[in-house]
Amino acid sequence: MYARTTTIEATPSSMDDGISHVRGTVMPALEGLDGYVGLSMVADRSSGRCITTSAWESEEAMRASGVRPRRVASAS
């Protein structure tokens, strides 16, 4: 099993929108991909920090998913 984890620092007031996006857009898109096993999300509504982890049957499936990690510098 292989996993890709993404950490997001969001505005606490936008947490519901972000959770809805993961449930309504991200999960359905991943569910159709070969080798996809599941997705988990941990969200701290008070701080705006979210961690999502997608699980894959193999490294090849994870890489072939087309999902690419992205780094965005914070403005702090």
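**Figure 1. Thr52, a buried residue of strand S3.** At 11% relative accessibility, Thr52 counts as buried, because buried means under 20% relative accessible area, while exposed means over 50% and partly exposed lies in between (1.4 Å probe, protein chains only). Thr52 is found in strand S3, which covers residues 49–56. Leaving aside neighbours within four places in sequence, Thr52 is in contact with Arg4, Thr5, Thr6, Val22, Ser40 and Met41; contact here means heavy atoms within 4.5 Å. Please keep in mind that this is a predicted model, in which local features need pLDDT of at least 70 and side-chain atom pairs count only at pLDDT 80 or more, whereas totals for chains, interfaces and linings use all residues. Residues are numbered from 1 along each chain as its sequence is written, and side-chain values use heavy atoms, with hydrogens and water left out.

**Figure 2. The whole chain, for orientation.** Two helices and three strands make up the list of elements here, and from the N terminus on they run β-α-β-β-α. Helices (H or I, at least four residues) and strands (E, at least two) are DSSP runs, numbered from the N terminus. The chain has 76 residues, of which 22% count as buried. Among contacts with a separation of 6 or more, 62% come from residues 24 or more positions apart. The chain exposes about 5,500 Å², and carbon and sulfur atoms supply 50% of that area; accessible areas come from the Shrake-Rupley method with a 1.4 Å probe, and for residues only the protein chains shown count as cover.

**Figure 3. Ile8 in strand S1.** Look for Ile8 within strand S1, residues 2–9. Is Ile8 buried or exposed, or something in between? With a relative accessibility of 37%, Ile8 counts as partly exposed. Setting aside neighbours within four places in sequence, Ile8 is in contact with Gly48, Arg49 and Cys50. Gly18 is 10 residues from Ile8 in sequence, and the two are 9.8 Å apart in space, C-alpha to C-alpha.

Figure 4. How many salt bridges does a search of the whole structure find? There are three, each defined as a side-chain nitrogen of Lys or Arg within 4 Å of a carboxyl oxygen of Asp or Glu. In this view Arg49 pairs with Glu9, and their closest N and O atoms are 3.6 Å apart. Arg49 lies in strand S3 and Glu9 in strand S1, so the pair ties together parts that are 40 residues apart in sequence. Arg49 is partly exposed at 40% relative accessibility, whereas Glu9 is exposed, with a relative accessible area of 59%.

**Figure 5. Arg45 and Asp16, a salt bridge between a loop and a helix.** Here the closest N and O atoms of Arg45 and Asp16 are 2.3 Å apart. Arg45 sits in the loop between strand S2 (36–44) and S3, and Asp16 in helix H1 (residues 15–31), so their pairing ties together parts that are 29 residues apart in sequence. Arg45 is partly exposed, with a relative accessible area of 48%, and Asp16 is partly exposed at 49% relative accessibility.

Figure 6. Arg63 forms a salt bridge with Glu59, with 2.7 Å between the closest N and O atoms. Because they are four residues apart in helix H2 (residues 59–64), Arg63 and Glu59 are separated by about one helical turn. Glu59 has a relative accessible area of 28% and is partly exposed.
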